[in-house]
Amino acid sequence: MSTPDAPRAHPGPEASEPVGLGTHVPLDPTAAVSIRNLCKSFGDKLAVGGLSLDIPAGSFYGIVGPNGAGKTTTLSMATGLLRPDLGHVSIHGIDVWRSPHEAKRLLGVLPDGLRLFDRLTGAQLIAYAGELRGLDRDTARSRTADLLSALGLTEAAETLVVDYSAGMTKKVALASALVHAPRVIVLDEPFESVDPVSAAGIRELLTGFVQTGGTVVVSSHVMDLVQRMCSHVAVIARGLLLASGTVDEVRAGESLEDRFVQLVGGPQATEGLSWLQSS
Ligand SMILES: Nc1ncnc2c1ncn2[C@@H]1O[C@H](COP(=O)(O)OP(=O)(O)OP(=O)(O)O)[C@@H](O)[C@H]1O
């Protein structure tokens, strides 16, 4: 069996066949996140069709794929938010669906489209999230102040979350996911709606987390960002894993964006939109 951070596949440009670990390979307890044969359908729609992946501890792992590829569904199942039809996931060796409380203690999750208690102030929301995760009040408050400062939200600490902009809401949700000091942070599109300065601050925070041994898993559509920020990447499409490994292994000498387009298929034809041409 290959090591957790070995490349899982290097399919050629013509290949878009699913790759990955066989369903018989057991969960890897040394991986930060180990996923085996995850499947999920919504009615007739197969969203995730048997996906297996090991995310090494200490990696900054990007999950990329076109719209509707199954990224959110996979991350939701991997973090205990959505029950899989089939398959297993462990976080540092703890089975997410057999021991959800234990596994969730290790996880900080920023889901896509998260609903927050937006009638609380930013400071109240983060401290509340900390207390829900078992922190005592003083620790929750002092970590809240640290996070507000790190994310540039100190001035908005006493503002109701309902009055936050989209980017500020994203940042306060991120702070709420970090306050209990998880070992693995999973973020679905964390930079959406976030201005470039705030995005740089979030990147710095996440990079620092990885440097101290934590693991970050992030889904994104921005290939350039993933190429610069992540150590590893998995490409998924149609609910299947197409390639995974270190960013350099997956992009194989090309830009990640070019490699991504080769793997998932070229741009959609726009000939049918001739009526949209201005001349
Ligand atoms: N609750 C749901 N009910 C029905 N279909 C769903 C549901 N959630 C996801 N799907 C379908 O499953 C497929 C995968 O969706 P998912 O949201 O996981 O993709 P994604 O890769 O995160 O997409 P995007 O990049 O656009 O956010 C899509 O075809 C989507 O329409």
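1. The centres of domain 1 and domain 2, taken over C-alpha atoms, lie 24 Å apart. Domain 1 covers 26-106 + 184-263, and domain 2 covers 115-181. These bounds come from an automatic or database domain assignment. Two points on reading the rest. This is a predicted model, in which local features need pLDDT of at least 70, side-chain atom pairs count only at pLDDT 80 or more, and totals for chains, interfaces and linings use all residues. Residues are numbered from 1 along each chain as its sequence is written.

2. The domains touch. Nine residues of domain 1 are in contact with 10 residues of domain 2 (contact: C-beta atoms, placed from the backbone, within 7 Å). On the domain 1 side, helix α6 (residues 196-211) gives the most, with four residues. Helices are DSSP runs of H or I with at least four residues, strands are runs of E with at least two, and both are numbered from the N terminus. That side of domain 1 divides into five nonpolar, three polar and one charged residue. Here Ala, Val, Leu, Ile, Met, Phe, Trp, Tyr, Cys and Pro count as nonpolar, Asp, Glu, Lys and Arg as charged, and the others, Gly among them, as polar.

3. Now the sheet. Six strands form an open sheet with mixed pairing, in the order β6-β7-β8-β3-β9-β10. Strands pair if DSSP finds at least two bridges between them. The edges are β6 (107-110) and β10 (240-246); each has a single partner strand, so one side of each is left without a neighbour in the sheet. Neighbouring strands are turned by 15° against each other on average, direction ignored. Axes are lines fitted to C-alpha atoms, for helices over the stretch in contact, and angles run from 0 to 180 degrees between N-to-C directions.

4. Strand β9 (residues 232-237) and β10 run antiparallel, joined by six bridges. Val233 has Gly245 in β10 as its bridge partner. Two helices pack on the sheet. Helix α5 (residues 166-178) touches β6 and β7 (184-188), and its direction makes about 165° with that of β6. Helix α9 (residues 256-264) touches β3 (60-64), β9 and β10, at about 30° to the direction of β9.

5. Is β3 covered or open? Mostly covered: five of its five residues are buried (buried: 20 or more other C-beta atoms within 10 Å of the residue's own; exposed: 12 or fewer; partly exposed: in between; C-beta atoms placed from the backbone). Phe60, Gly62 and Val64 point one way, while Tyr61 and Ile63 point the other. β3 runs parallel to β8 (residues 215-219), with four bridges, and Ile63 stands opposite Ser219. β3 also pairs with β9 in the parallel sense, over four bridges. There, Tyr61 stands opposite His232.

6. The ligand shell comes next. The residues around the ligand include Phe42, Lys45, Gly65, Lys71 and Thr73 (a residue is near a molecule if its C-beta atom, placed from the backbone, lies within 6 Å of it). β2 (45-56) and α1 (71-78) each supply at least two shell residues. The most come from α1, with three. By type, the shell divides into three nonpolar, six polar and two charged residues.

7. Last, Asp248. It is found in helix α8 (residues 247-251). Asp248 is partly exposed, with 14 other C-beta atoms within 10 Å. Asp248 and Val233 are 15 residues apart in sequence and 9.1 Å apart in space, C-alpha to C-alpha.
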